[in-house]
Amino acid sequence: MSDIHTDTSDALSQTQKSLILVVEDEPKIASLLCDYLDGSGYRTRHIDDGNAVIAASREETPSLVLLDLMLPGTDGLTLCRQLRAENSQLPIIMLTARVEEVDRLLGLELGADDYICKPFSPREVVARIKAVLRRSQALEQTLSESSDKGQLRLNEDGWQALADDQDIGLTAVEFQLLKVMMQSPGRIFSRDQLMDHMYRDHRIVSERTVDSHVKKLRRKIATIWPDRDVIRSIYAVGYKFEPDMLE
């Protein structure tokens, strides 16, 4: 069972062009999410059976998938893996009532961009969707702008970073670190902010650990691009990704 909700406002905004695939088998939750997303100018398509998700995503590629973990048919974790295999850049936010740490980490390791636990505020979900879409669009723009200077791109399905199609050979933590900074080019991240993204289990690590990972990441990029420095240190603050340094 599926249905389409379309906003009828005359206002031309970017969100109106974005299709959000809402994969949720609880009718009340699905209806509430669709109503809030429609009110924010998005188009929504609701799917309540895991077995129908892949076909629906092929009919019209969504801008983002809001994916429940527990579904009839194919479960959310399996779907996350399958969606990533079909489109490695497709933003995915997982929804679940299972708050165990192992589930949260597993969902993110499979490639989910964010993870929201029930019960949740619909307004928070909309805000998180907007944030993930902004990061996704910034990453696409960054890769497009750098293509004529030397391309640096991410293959999230294989957890690879490719510089001019050469695998840099990153660890999972280094990949996550690079991904976070590439999603917000020019933004300065403090070490604490980077730690939050690198270690989703909120383990206690020192700022020196972040510096060590950045140092290794920069060294690996330099093996392919010895004259380029795309990760810049901001004294006493943190780090930022500079696509303009691809020159």
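Strands β10 and β12 (residues 238-241) pair in the antiparallel sense over two bridges; two strands count as paired if DSSP finds at least two bridges between them. This is a predicted model, in which local features need pLDDT of at least 70 and side-chain atom pairs count only at pLDDT 80 or more, while totals for chains, interfaces and linings use all residues. Residues are numbered from 1 along each chain as its sequence is written, and side-chain values use heavy atoms, with hydrogens and water left out. The protein has eight helices and 12 strands in its secondary structure; helices (H or I, at least four residues) and strands (E, at least two) are DSSP runs, numbered from the N terminus.

**The sheet with β10, β11 and β12**

- Three strands make up this open sheet, in the order β10-β12-β11 and with antiparallel pairing.
- At its edges are β10 (189-190) and β11 (231-234), each of which pairs on one side only.
- Which residue of β12 is the bridge partner of phenylalanine 189? It is tyrosine 239.
- Helix α6 packs on this sheet and touches β10, β11 and β12, where a contact means heavy atoms within 4.5 Å.
- The direction of α6 makes about 70° with that of β12; for such angles, axes are lines fitted to C-alpha atoms, for helices over the stretch in contact, and values run from 0 to 180 degrees between N-to-C directions.

**The sheet with β7, β8 and β9**

- Another open sheet of three strands runs in the order β7-β8-β9, and its pairing is antiparallel.
- The edge positions belong to β7 (152-155) and β9 (166-167), each with a single partner strand, so one side of each has no neighbour in the sheet.
- Strand β8 (residues 160-163) pairs with β9 in the antiparallel sense over two bridges, and leucine 162 stands opposite aspartate 167 in β9.
- Helix α6 packs on this sheet too, touching β7 and β8, and its direction makes about 120° with that of β7.

**Helix α6**

- Helix α6 (residues 172-183) has 12 residues and reaches 16 Å from its first C-alpha to its last, close to the 16 Å expected at 1.5 Å a residue; the expected span is 1.5 Å times one less than the number of residues.
- Of the 12 residues of α6, 11 are buried, so the helix is largely enclosed by the rest of the structure. Buried means under 20% relative accessible area, exposed means over 50%, and partly exposed lies in between (1.4 Å probe, protein chains only).
- Among the buried residues of α6 are Val173, Phe175, Leu177, Leu178 and Val180, along with Glu174 and Lys179.

**Salt bridges and polar contacts**

- How many salt bridges does a search of the whole structure find? There are 13, a salt bridge being a side-chain nitrogen of Lys or Arg within 4 Å of a carboxyl oxygen of Asp or Glu.
- Glutamate 26 and lysine 118 form a salt bridge in which the closest N and O atoms are 3.5 Å apart. Glutamate 26 lies in the loop between β2 (19-23) and α1 (27-39), and lysine 118 in the loop between β6 and α5 (122-146), so the pair ties together parts that are 92 residues apart in sequence.
- Lysine 118 is buried at 16% relative accessible area, whereas glutamate 26 is partly exposed at 38%.
- Glutamate 60 and arginine 43 meet in a salt bridge of 2.7 Å, N to O. This pair links distant parts of the chain, with glutamate 60 in the loop between α2 (53-59) and β4 (64-68) and arginine 43 in strand β3 (residues 43-47), 17 residues apart.
- Glutamate 60 is partly exposed at 36% relative accessibility, and arginine 43 is partly exposed at 24%.
- In helix α5, glutamate 124 and arginine 128 lie four residues apart, about one turn of the helix, and their salt bridge brings the closest N and O atoms to 2.4 Å.
- Arginine 128 also joins aspartate 114 through a side-chain polar contact of 2.6 Å. A polar contact is a pair of N or O atoms within 3.5 Å; within protein, one must be able to donate a hydrogen and the other to accept it, and residues adjacent in sequence count only if both atoms are side-chain atoms.
- Aspartate 114 is found in strand β6 (residues 114-117) and counts as buried at 11% relative accessibility.

**Whole protein**

- Buried residues make up 47% of the 247 residues.
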